[in-house]
Amino acid sequence: SFHSGAASWRFTNESFMEDLKSVINNGKLRLGWGQTGNQSMGGYLWGASINKMETGLGIAYRPSNIANPYLQWETQTQTNLGLDLGLLENRIELTVDLYKKVSANMLMQVDLPSYMGSKGNTSSALAAPWGNIGKLENKGLEIALTTHNIKSKDFQWDTETQISFNKNKLLGMTGTSATAIEGYGQWIDVVSHTEIGQPLYNFYGYKVVGIYQDKADIENYTNSLGNKVTPKSPATSTKPYSRTNTTYVGDLKYEDVNLDGKIDENDRTNLGSPMPIFTFGFNNTFHYKNFDLNVFINGSYGNKILNYSAINLSSMKSMWNNQLSLVTDRARLTQINTAQVYPYTNSTGVLVSNWFDDIDNVKVANSGTSIPRAIQNDPNGNTDISSRYIEDGSYVRLKNISLGYNFDKKLLKPLHLESLRIYANIQNLYTLTKYTGFDPEVGASTTSPNVYGSDNGRYPSPQIYTFGLNLSF
């Protein structure tokens, strides 16, 4: 069972507020506490459904998910503290809400070992069972302000402003051996990683600290302890430097996060949150005689976006994919000693046919670039999830503009019309953002339930122009 209770106090009815009635004409404090249940996870997920599949021997059937008949409802407990104010005869109306919500026995998919067949993209993996395994806290502040700025016979101007702050934190992972929640981009690449005590859906990958400029930069790169750092695909005595098989000049330089002197998957770290610090909306409505104008602006601040599409569109890994124009500033190699004649045998006894294959005689020509070299095999992992593909997702968008005119009823009477309004409307007229993708309003992933803010080629919000009329007889 779930319980709730609420109380309020309209303090403007008290005698001590009489002298302030001309300024504060309405004031109320609100306090609420309650529990609700949640079972919105889809039908029959406590059982195991069957999928049809094609095989070389004909139609076959396989389980699509692992069953869990012991599922319970998720419980959400929320506490609210609110303030309502009406100032100057309600010319200014303010609503403030503080809240804290804890979701226990959360309905989530269990993180199973990869040998269970439940890892990776949901289109090909055996879906993991759902369980009551998580505990999550959300707390925040919501402010709504309505002002009636001008109110005269012919002209009115009203403004509505909303701003919301929210922080969430994973409090626990009960009923499972997992210590984190992982989210996938495509197939088996992990793009988000949420540990206990952290906000949900943090991006996860390597932190880029530069581009290898030359051989000396590769061999003398040190971590914060002053120790040399071995790259992801180092050259050895049995595997000399190679543009196609080892880390090379022009590759990304990753940070040695765990300070063990080598770059590997253990150096993946938190790359930022897709959750904004705050979101906002700003709506203005104007009326002048029979004209009306509405302008709505919205946006968010402080969130990150994983430009997942840019991995293919700016990596130059495949010769078959079109690339973004920014790859023209990729790391380009140039000779150090232009007098060297090729082919020649270097000091290690290796025959070098071309200058660009000579690790001792190449450097990055455009040293200020942040884009790695073009290479098909990608031995250094330049296309791995990293801070290179994490961008600022903050934006301000002119979401909607609407202009209308209502014809005078006296003019409509001979036409036997009750009302006639013509209007023009523009949606998504302009967006101010640093994000280089098509649209910063990304939202939840369609390929993984534990990924948010990953732009995998999401169709952008269209710019829509509408003209029309409303009439009634």
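Exposure here follows relative accessible area: buried means under 20%, exposed over 50%, and partly exposed in between, with a 1.4 Å probe and protein chains only.

## Ground rules

This is a predicted model, in which local features need pLDDT of at least 70 and side-chain atom pairs count only at pLDDT 80 or more, while totals for chains, interfaces and linings use all residues. Residues are numbered from 1 along each chain as its sequence is written, and side-chain values use heavy atoms, with hydrogens and water left out.

## Salt bridges

Let us start with the charged pairs. Side chains of opposite charge can pair when their charged atoms come close. A salt bridge is counted when a side-chain nitrogen of Lys or Arg lies within 4 Å of a carboxyl oxygen of Asp or Glu, and the structure holds 15 of them. One joins Glu 418 and Lys 409, at 3.8 Å from N to O. Lys 409 is exposed because its relative accessible area is 54%, whereas Glu 418, at 45%, is partly exposed. Elsewhere, salt bridges with shared partners join Arg 397, Lys 399, Asp 439, Glu 441 and Arg 458 into one network.

Two further bridges span the sequence. Asp 97 and Arg 30 meet with 3.1 Å between N and O. This pair links distant parts of the chain, with Asp 97 in strand 6 (residues 92-109) and Arg 30 in strand 2, 67 residues apart; strands are DSSP runs of E with at least two residues, helices are runs of H or I with at least four, and both are numbered from the N terminus. Asp 97 is buried at 15% relative accessibility, while Arg 30 is partly exposed at 23%.

Lys 232 bridges to Asp 384, with the closest N and O atoms 2.4 Å apart. Lys 232 sits in the loop between helix 1 (215-219) and strand 13 (252-254), and Asp 384 in the loop between strand 21 (362-364) and strand 22 (390-392), so the bridge ties together parts that are 152 residues apart in sequence. Lys 232 is partly exposed at 25%, and Asp 384 is partly exposed at 27%.

## Aromatic pairs

Now for the rings. Those of Phe, Tyr and Trp (its six-membered ring) pair if their centres lie within 6.5 Å; planes under 30 degrees apart count as stacked, over 60 as edge-to-face and the rest as tilted. The whole structure contains twelve aromatic pairs. Phe 165 and Phe 278 make a tilted one, 5.5 Å from centre to centre with 50° between the planes. Phe 165 is partly exposed, at 29%.

Tyr 405 and Phe 407 form an edge-to-face pair, because their ring centres are 5.1 Å apart and their planes stand at 90°. Both residues are partly exposed, Tyr 405 at 23% and Phe 407 at 30%. Phe 165 and Phe 278 also belong to one aromatic cluster with Phe 280 and Tyr 301.

Ile 422 lies in strand 24 (residues 419-433) and is partly exposed at 38%.
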